[in-house]
Structures are given as structure tokens and as C-alpha cells.
Amino acid sequence: MSHIVSSEDVEKTIAAFTRLDQRGDKRAMNKLAQRLQKEQPFLLQHAASVRTDHGDTVGEAAVFYATLVWAMFDRGLAGTLPRITVQNLADAEKVVTDALATVPGVAERAPHERIAPSLAELQPNLYAKLAELLAEDVKEAAMTLETASTIIKPTEVVIEAFDAAVAGRRVGEQQGTIVAADKPGRNEPCTCGSGKKYKKCHGAE
């Protein structure tokens, strides 16, 4: 069963994130990060992997946009979202790559225009907001053109992965008990991509 994220849920999510940012509410931000780490560890790993190839600033932008997408899907569902798996993300990557390959001159377009119509049709409100936010961030110099160009595709992959899992095209893991393997050892790097040890980051008591 498909679930189109409503424009109302999109706007409410943006408003909530804006309030958190303006208040500088670190406690609430940490609580959100801990919930995401618990429910969607592979989503965070996917977004944080951008940091390895492109540095902290780009990696943080990728994590932020992935978190925003998760929150938008999460807001409109009565239950907990399926946990996105590595396979979900790999399959979504292929879907996005194939869809973008059908768009003429996609690589020459502005980052916020590198969206395949076939994907945008599945989540029109979410994609419209994504394009708007990226264009605004670049215009206001909150993000460089290069950063926007780097994170647009990974963000689309996250949208496709959640859309497919919620619709049942490619199901994720049902939330419940957390698999022990998802949790890193205390001295291993935290999977959120911070670069800190787990015990000093999301594993802190």
C-alpha cells in the first residue's frame, strides 16, 4: 500500500526542525539522533558514507537531509517505519540511477533539478520540498553548489528506499527488537558518522 507524504506533513516537519535549530535545543536534537540511530542505523551509515568520500561538511549535509526525509515519512504513519536495510538502499540506488539515466542532460542541470519525473510522481510533495530546500540553501550560500550536487542523489536513494519499504515493493525490517549486530562495540566508531567512538557518542550513558 503506497503512502504519499502529504504537503502538511512536509511543512510540519520543516517547521519542527527549524524550531529545534533556532532554539539550539541540543537535548532534543540528541534525543532525535538517538532514536534515529536505534531505528535506522543503516540509513545513517548510508548518509554518513558521503563523509568518507567528500569530507565532514558534505557528510553532515547528507546526514541532515536523510534525517529530514526519515522524519517526513515517520510523521504521517500511524506505526513505526520499517527499518531500511543495506539491501533496501542498494536496490534503491539502482532504481534512482536507472531513472536518472532517462533524463536528458541531467548532469548539466542545477542540483535541485536532477530529479527523474518517474521518481517525483511517487512522492510529489517530498520531492518538491527537496528541490526548494536545495535551491534555497545554494542561493543563500548555506551550501555550496558542489555539496548540493553531491548529496542530491543519496537523498533521492533514501526517499526511494522508504517509499518502496512503506509501499511493500521492497520491504525493510519490521521494527521490534534491535539486532545486536546493528550496535557497534563501545570502542568502535559510532555509526552516525561523527568519527567519535560509540561510547563517546550515541552509546554514552
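This is a predicted model: local features need pLDDT of at least 70, side-chain atom pairs count only at pLDDT 80 or more; totals for chains, interfaces and linings use all residues.
**Cavities, a pocket and a helix pair**

By class, 4 nonpolar, 1 polar and 2 charged residues make up the lining of the second largest cavity. The residues concerned are Leu119, Leu122, Gln123, Tyr127, Ile159, Glu160 and Asp163, and the volume they line is about 30 Å³. Helix H8, residues 145–167, is the largest contributor to the lining of the second largest cavity, with 3 residues.

One of the lining residues can be followed further. Asp163 belongs to helix H8. Is Asp163 buried or exposed? Its relative accessibility is 4%, and the cut-off for buried is under 20%, so Asp163 counts as buried. Leaving aside residues up to four places away in sequence, Asp163 touches His3, Phe73, Leu122, Gln123 and Arg169. Of these neighbours, Leu122 and Gln123 are also among the residues that line the second largest cavity.

The overall fold gives the setting for these details. The protein has 8 helices and 0 strands, and from the N terminus on its elements read α-α-α-α-α-α-α-α. There are 205 residues in the protein, of which 47% count as buried. When contacts in the protein between residues at least 6 apart in sequence are considered, 70% of them join residues at least 24 apart.

Next comes the empty space inside the model. Rolling a probe the size of a water molecule over the atoms shows where empty space is left. How many cavities of 30 Å³ or more does a search of the whole structure find? The search finds 2. The largest cavity holds about 50 Å³ of space. Its lining consists of Tyr65, Leu68, Val69, Met72, Leu126, Lys129, Leu130, Leu133 and Thr155. The elements that supply two or more residues to this lining are H4 and helix H7, which spans 124–139. Sorted by class, the lining of the largest cavity has 7 nonpolar, 1 polar and 1 charged residues.

The largest pocket has a volume of about 1200 Å³. It is lined by 32 residues, and the closest to its centre are Phe17, Glu60, Val63, Phe64 and Tyr65. At least two residues of the pocket lining come from each of helix H1 (7–23), H2, helix H3 (41–54), H4 and H7. H4 provides the largest share of the lining, 8 residues. The lining of the largest pocket comprises 18 nonpolar, 8 polar and 6 charged residues.

H4 also packs against another helix. Two packed helices are described by the angle between their axes and the distance between the axes. For helix H2 (residues 26–39) and helix H4 (residues 56–76), the angle is about 80 degrees and the axes lie 12 Å apart. Angles of 65 to 115 degrees count as roughly perpendicular, and H2 and H4 are therefore described in that way. H2 brings Leu32, Arg35, Leu36 and Glu39 to the contact, while H4 brings Thr67, Trp70 and Asp74. By class, this contact of H2 with H4 has 3 nonpolar, 1 polar and 3 charged residues.

The last stop is a backbone feature. Most residues other than glycine have a negative phi, and most peptide bonds are trans. Ala141 is not a glycine, yet it has a positive phi of about 60 degrees. Where is Ala141 placed? It lies in the loop between H7 and H8. With a relative accessibility of 66%, Ala141 counts as exposed, whereas Asp163 counts as buried.

How values were computed. Residues are numbered from 1 along each chain as its sequence is written. Side-chain values use heavy atoms; hydrogens and water are left out. Axes are lines fitted to C-alpha atoms, for helices over the stretch in contact, and angles run from 0 to 180 degrees between N-to-C directions. Helices (H or I, at least four residues) and strands (E, at least two) are DSSP runs, numbered from the N terminus. Angles under 35 degrees count as roughly parallel, over 145 as roughly antiparallel, 65 to 115 as roughly perpendicular and the rest as oblique. Contact means heavy atoms within 4.5 Å. Ala, Val, Leu, Ile, Met, Phe, Trp, Tyr, Cys and Pro count as nonpolar, Asp, Glu, Lys and Arg as charged, and the others, Gly among them, as polar. On a 1 Å grid over the protein atoms alone, a cavity is a set of points where a 1.4 Å probe fits but cannot get out, and a pocket is an open set with protein on both sides within 12 Å along at least five of seven lines; lining residues have an atom within 4 Å of a point. Grid points are joined across faces, edges and corners, and a volume is the space filled by probe spheres set on the points. Buried means under 20% relative accessible area, exposed over 50%, partly exposed in between (1.4 Å probe, protein chains only).
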